[in-house]
Structures are given as structure tokens and as C-alpha cells.
Amino acid sequence: MNFVLIAEQTLNGLQLGVMLFLLAAGLTLVFGIMNMVNLAHGALYMVGAYLTTFFYQQTGSYLLAVVLGLASTLVVGIVTELVALRTLYERDHLDQVLATFGLILFFNELVAILWGRAAIFSTIPDYLTGHVEFGVFRYPLYRLMIIGVGLAVAVLLWFVVSRTRLGMLIRAGASNRAMVAALGVNIRLLYTVVFGFGAALAGLAGLLAGPIYSVQPGMGELILIQVFVVIVIGGIGSIRGAFAGALIVGMVDTMGRAFLKPVLSTVLSPTAADAAGPALASMLIYLLMAVVLTFRPAGLFPAVR
Amino acid sequence: MSMTPRSWILVGLLALLAAVPPVAAYFDAPFYLDLLRRVMIFAIAASSLNLILGYGGMVSFGHAAYLGIGAYAVGVLGYYGIHNGCLQWGVAIGASALVALAIGAISVRTSGIYFIMITLAFTQMLYYLGISIEEYGGDDGMRLKLRSEFDFINLNNETAFYYLVLAILAFAILLVHRLVNSRFGRVIQAARSNEARTRAIGFSPYPYRLAAFVISGALCGLAGALLVNHTAYLTPEFMNWTRSGELMFMVILGGIATSAGPLLGAAALLLLEDVLQGWSLLPKEAVRDHWQLYLGVILVLVVLFARRGLAGLLPGKNE
């Protein structure tokens, strides 16, 4: 194990972490405020990836495609909220899980009808394709950009939630919905705004992920379940927890996949390490979740209620 | 035990299922035997889920895990040349119970959304474990060379296998019914409706819930052992999270916390799938290839508008 590999994998872990954060932030906000489990959050991530790829192919301008992709994911999110999810806020979690599970099937199949079941090719413009030199090693510019965007969104989110009037309403809504409504705030509108906000963040994660992972139906659910792990570790409803959880999960997952096999081979025989390494690496974040839950059942940074 | 109209309907349904093999043989339509055997296997799995989801209020989004463990127990033993059915199915039940104990010990302490996410995440972990073990086929899975071997029954006889599945289904429904109406079941249901009061009258819900979780896992493991014998094939897809979602949907569609619900739900969902996939009146591209689109819409509509499920249409009160 040398320095270059460790540095590269640290950046990879950070990149996965901020990606998970973009998804976890929206999900945890929607849960914290509407007390709603939204499995279809992953579907919005997929929609963002598809629409941006589509707009980039059509317009040829990456920036325009990003703006259009984000805007249209926002619209899809808001329409979904108005049509299906709005009636679910008062229902129990079981109904929410099932209905949003139905939405996942619907969106995945709709995407398969429009673009086919095979993965579509998603590209990045030339000016984002290079590498950045860090003395002894170099790192892809695009992945660095993802880290930058993710951290910027984290700061922006912190600012909005803790320093603006909208953020004040969001925090108030999370701690006592009835009281906020009684004070004359249009709580339904607030819900729609928060949901749209979360949808746009999911879309952003999707459009950033497109060129790195494969853009195909069902891509949202693969990452969504990791996002659940993030939220459970961080504490449901807490943005701070989502940030910490996302970085921990991103780092542990990346490091496990990169280094578990070589580490195991120092104690086990090579064949045993070959077999156990990948299996253990893929289970690592779930085991981490189990350990965290054993000692901190409400997560690392539980939301203050 | 007095028989309510509902129990009679359930017995009637099981009798109808028992009449299927001769009728299918008469019309030379073995396909229906296969389809209904699949329905019954999923009805067993859904019944096991109904015990904790319906009566216990524990929304497990990871029940497919035990289908997978039961299937892998049979498949892996078969891979090493052990085809003894009693041993295979015993290991399937035992291993499922053990895994349910481990997952339950952590997840049953939590509730609400935590419980949903944790059960889902652990099942996903097992799914990835299945994918990463190359020895047992990894992603592609593996064929089950021989069906489980028993002294008293030959599973290669499709009709005999059908009746065995039917008998196990009847046993599963009765087991859940008896459990739910026992003192144990009363505590579980009390904890679902009001945990604080249950504690106040001196019951700690945790051990009761955990026991129900383990029983449910073991029963679902048995369904997994049946399923792998039915398909003669084994893949990590048995544990896919969508499978867990389908099992939940069966319970809700059929009617939550009712004896007949899981069977009705499994039948409705699998027959609906079959119809949507094979409806020759509609253009192929629009329906058959994309039946999940319609299934998704139906699911949303059922949740929004048909809360009591199919069993809600039957006479008598929901249990």
C-alpha cells in the first residue's frame, strides 16, 4: 500500500460520500418535516440522470442541460408530490412505503419505455475530462468537481436551514407542524417547496453520477438503500447527521473495497482472502450500521425534537 | 374453535386448490398446476410476514431475506451432494431462524421508519453476499440438480409436490391463526395497538416481538426451501428488495391481519402479473413488456383507496 493509492481512494471515498449526502439531505428533510418515508427518492435521482443526459444530447451544451435537467426533475418531483404523495402524509409508514414502492415500479418502467432497458451512454464535456496534478499523483477533474459541488451544497444547505426565513419555517415545521400551521403558515405549500427542494437535490446527485456510474432503470434503488444506511447511521431527520453519515459510509465502503482484500491476505491464505475480501467489503457498511445501532439506537446525531 | 363465515370461505378456498390437479389433468393444462403451486408458496411466505406485519405491527421490508436463506440452504447442501429433504429443510428453517434472531435482535428494538430501513438494509447485505460468493454462482445463481428427497413423498411427481405445498400452506395458516389467538399473540397485538399500556400491565414487548420475528423468519425460510424446489434454480434475486416489497404488497392487497389475506393477496398479485404478461387482446409492447408500469399504478391506487384489501370484501369482521 503506497501513499498514492491511499490518497486516491480517500478522494474516491469523499466523492461517494458527497454523492450520498446530496440524496440523504433531501430524504432526511422530507422525513423530518412531513414524517414521510419516500422510497421514490431514488427514482428522482434516476430521472435527473436521464433527463440531463437527454438534454445534453439534444442541445450539445452541458451547462444548459444541467439547468434543464435540474428544473425538469424539480417539476417531476412537485407533480409527484401533488398527485400521489400529498395524500400520504397523514397515513402510516406502511402505506407510504407501499405507495412509493409502486411509484418506483412506475418510474423504472416508464424510463424503460422511453429509453430502453439497457444503460445509456452519458458523457461529460471536454473541459471537464482532464486530470488535476497533485505532485506525485493525478485525479480526474470531474470527480474533484463533484466533491466541490457536494461541499458547496452542504454549506448552502446549512445556510438556508439555519440562517433564512425558509429555513426557520422548515425547522419549525419539523418540531411542531400543528403550531406552525396555526401561526398562519401555509404548511401545504411549505411541504411542496421542501419536497421539490429534495427532488432537485436528488436530481443533482443523479446528473453528477450519470457519467461515472451507469444510467439505467433501477439505478436509483441501488444507491437509495445505501442512503438509508447513511440516514440510519447519522440519525433520521438531521442534516448534520446525514452529512457525517454520508462521509463515513462513503469512506468505509470505498476503503473496504480497495484495501480489505490486501489486508486480509496478510492474515489469511490468498485464496481465502480472494473469496472473503469482496464478500466482506460489500457487507461492510451494513455491519457498520449494526454496530452503530447497537451503541446509538437513534444514530450518531439524532435530530432534536 | 367455532367456525366463522370467513373460516368457511378459507376452507373452501383450500378445498378449491385441492381440486385443481385432477381438473388440470383432465384439461391437460399442467401450466396451472405450476402457477398455483407458486401462488401457494408465496402465500406461505406472505402468511409468515402477516404474523409480524399485520398482527405485530412490525413493517419488515426485508422478508425476502428468509426466502433466500431457505433457498440457499437447500441449494448449497444439494451442491455438496446432500439431497436428504429432512436435513435440507431442517437447515433451511434453522438457518432462517438464526438469521432472523440476529437481525431481529438489532431491529426489533427500534420502530417505525428505523425498523423499515434496517430490515431493508440487512436484506440488501445478504443480497450482496449472495452476489459476491462465486462458488455458488454469484450473480447468475445456480441450478438445483435434484429436488429434495424424502422417504414418504417423491417431489419429482408434480402433483405430489403440489399437495405437499398445499398441506404446508394449510399448516402455515393454522399456525399463524393459533399463534395470534394465543396469549403470546395477544401480547403482540396489544403491543401493536398501544405499547405504553402493554408495558403498564406488566409485559415487556421486546422478547415477544423478537420471538414472533424469529418464528416468521423460520416459516418464510421453509417457503424459500419450497420455492427453490419449485423453480429448480437459485439466484440472489430471491433476496432482491423488490421481492420484499411484493411480499408486503401481497399482505396489504389480500387484507392485513386476516387469515385468508395472504393467500388472496398472493393469488391476486401473481395471477395479475400472469394476466398482464400474457394478455393477448392487448398489443404486446404496451402491456406484456411493461406490465410493471401498470402494477405500480395499481399498487398506488390500492394503497390510496382500498385499505382493507380483498379480505375486506368478505363477510364478517376483520379480525
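Leu87(B) counts as partly exposed because its relative accessibility is 42%; the cut-offs are under 20% for buried and over 50% for exposed, with partly exposed in between (1.4 Å probe, protein chains only). This is a predicted model, in which local features need pLDDT of at least 70 and side-chain atom pairs count only at pLDDT 80 or more, while totals for chains, interfaces and linings use all residues. Residues are numbered from 1 along each chain as its sequence is written, and side-chain values use heavy atoms, leaving out hydrogens and water.

You'll find Leu87(B) in helix 4 of chain B, residues 85-107. Helices here are DSSP runs (H or I, at least four residues), numbered from the N terminus.

Now for where the two chains meet. Chain A brings 46 residues to the contact and chain B brings 39, with contact meaning heavy atoms within 4.5 Å. Together they bury about 3,900 Å², and carbon and sulfur atoms give 80% of that; buried area is the accessible area (1.4 Å probe) that two parts lose on being put together, summed over both. On chain A, the trio Leu94(A), Leu98(A) and Phe101(A) supplies 16% of the area that chain A buries against chain B, more than any other three residues.

Which helices of chain A each supply at least two residues of the side that touches chain B? They are helix 4 (93-115), helix 9 (219-234) and helix 11 (270-295). Helix 4 of chain A gives the most, with 16 residues.

Technical notes
Chains are lettered from A and ligands numbered from 1 in the order in which they are written.
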